[in-house]
Amino acid sequence: MKQIAIYGKGGIGKSTTSSNLSAALADRNLAVMQIGCDPKRDSTRMLMQGRLIPTVLDLIREKGEANLGSSDVIFEGYRGIRCVEAGGPEPGVGCAGRGIIATFQLLERLDAFKGDVILYDVLGDVVCGGFAMPMRKGYAQEIYLVTSGELMALYAANNICKAIARISQNSRQICRLGGIICNARNTPGEKELVEAFAKSVGSRVLTYIPRDEIVQHAELNTMTVIEYEPESDQAGRYRELAEAVMTNTSFIIPSFLEMEELEQMGRSFLTPRSGVRER
Ligand code: ADP
Ligand code: MG
């Protein structure tokens, strides 16, 4: 069983990428499970025809942990993909990572960690104990980072590299960086910048996913691009990602950069503006 986690900044495209990757894997007749580990709880929506499924944390609050069975928390979506949403705390109270911890405990009890591929879609702005859980406890051995060329997206990706490095040092669990997925925002020199970043942390860009409005078309029709327009170039990119993930043999403990180094790297891919003082 392959267990992979997709990390990245909020809004960078983790759920879009995860859902399309899951759909592409399911099209290969693999048994796939996708676990949304973001309080935003919309990871699996495009696999569920636009439905926001109930979250594990909400269900625990409503019914009590002991009363929950597999059919309460696992929902079948596109091509039988088993979908779970961890959920989050009530706004303003509690720890955001708690949903993940509670979800994993419940799924353990239900013996639900099964299939060919389990994909964890995890918020990467904060890598507190809860959000680090998929890597810390040996669930996800392979980590992929989604980033664009925007400084803050690279900053979040860099933080996750730091977390992987720390976790690999302090525990016997195997968790390694499998590569970087560039989900384009069309920033200046983006492809080269993300490639330079990947190289500097000791990794590589696994797949480049262009920014394409077909994603919005698919989204507004509550489908993945794979389902909405399987013959499109964009669907081809997601299939390429699925192939790259399934055949990947390069897994590393990453290094990481200081903020100044990241900024310096970003600046080196900009064309200087005339008449403006640059650092
Ligand atoms: P995250 O899960 O990281 O918070 P989402 O996957 O929800 O991010 O993506 C945020 C928005 O960005 C989505 O509503 C989607 O429409 C858009 N998006 C993501 N990837 C692409 C892309 N490659 N091209 C165009 N739009 C995209
Ligand atoms: Mg998301």
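A residue counts as exposed when its relative accessible area is over 50%, and as buried when that value is under 20%. Keep these two cut-offs in mind during the tour, and remember that the model in your viewer is a predicted one.

**First stop: Asn 186**

Begin by selecting Asn 186, which you will find in the loop between strand 7 and helix 7, the helix that covers residues 190-200. Is Asn 186 buried or exposed? Its relative accessibility is 53%, and because this is over 50%, Asn 186 counts as exposed. If your viewer can show backbone angles, look at phi here, for Asn 186 has a positive value of about 60° although it is not a glycine.

**Second stop: Arg 79**

Next, select Arg 79, whose place is in the loop between strand 3 (75-76) and strand 4 (82-85). The phi angle of Arg 79 is near 50°, which is again a positive value in a residue other than glycine. With a relative accessibility of 54%, Arg 79 counts as exposed.

Now go to strand 7, which runs over residues 176-183, and pick out Ile 181 within it. Why does Ile 181 count as buried? The reason is that its relative accessibility is 0%, which is under the 20% cut-off.

**Last stop: ligand 1**

Finally, select ligand 1, which sits in the largest pocket, and display the residues around it. Seventeen residues surround ligand 1, and the closest are Gly 11, Thr 16, Lys 40, Gln 216 and Glu 219. By class, this shell is made up of three nonpolar, eight polar and six charged residues. If you colour the helices, you can see that helix 1 (14-27) and helix 8 (214-220) each supply at least two residues of the shell.

For Asn 183, a polar side-chain atom lies 3.0 Å from a nitrogen atom of ligand 1.

Notes. Residues are numbered from 1 along each chain as its sequence is written. Chains are lettered from A and ligands numbered from 1 in the order in which they are written. This is a predicted model: local features need pLDDT of at least 70, side-chain atom pairs count only at pLDDT 80 or more; totals for chains, interfaces and linings use all residues. Side-chain values use heavy atoms; hydrogens and water are left out. A residue is near a molecule or strand if one of its heavy atoms lies within 4 Å of it. A polar contact is a pair of N or O atoms within 3.5 Å; within protein, one must be able to donate a hydrogen and the other to accept it, and residues adjacent in sequence count only if both atoms are side-chain atoms. On a 1 Å grid over the protein atoms alone, a cavity is a set of points where a 1.4 Å probe fits but cannot get out, and a pocket is an open set with protein on both sides within 12 Å along at least five of seven lines; lining residues have an atom within 4 Å of a point. A molecule sits in a cavity or pocket if more than half of its atoms lie within 2 Å of its grid points. Helices (H or I, at least four residues) and strands (E, at least two) are DSSP runs, numbered from the N terminus. Ala, Val, Leu, Ile, Met, Phe, Trp, Tyr, Cys and Pro count as nonpolar, Asp, Glu, Lys and Arg as charged, and the others, Gly among them, as polar. Buried means under 20% relative accessible area, exposed over 50%, partly exposed in between (1.4 Å probe, protein chains only).
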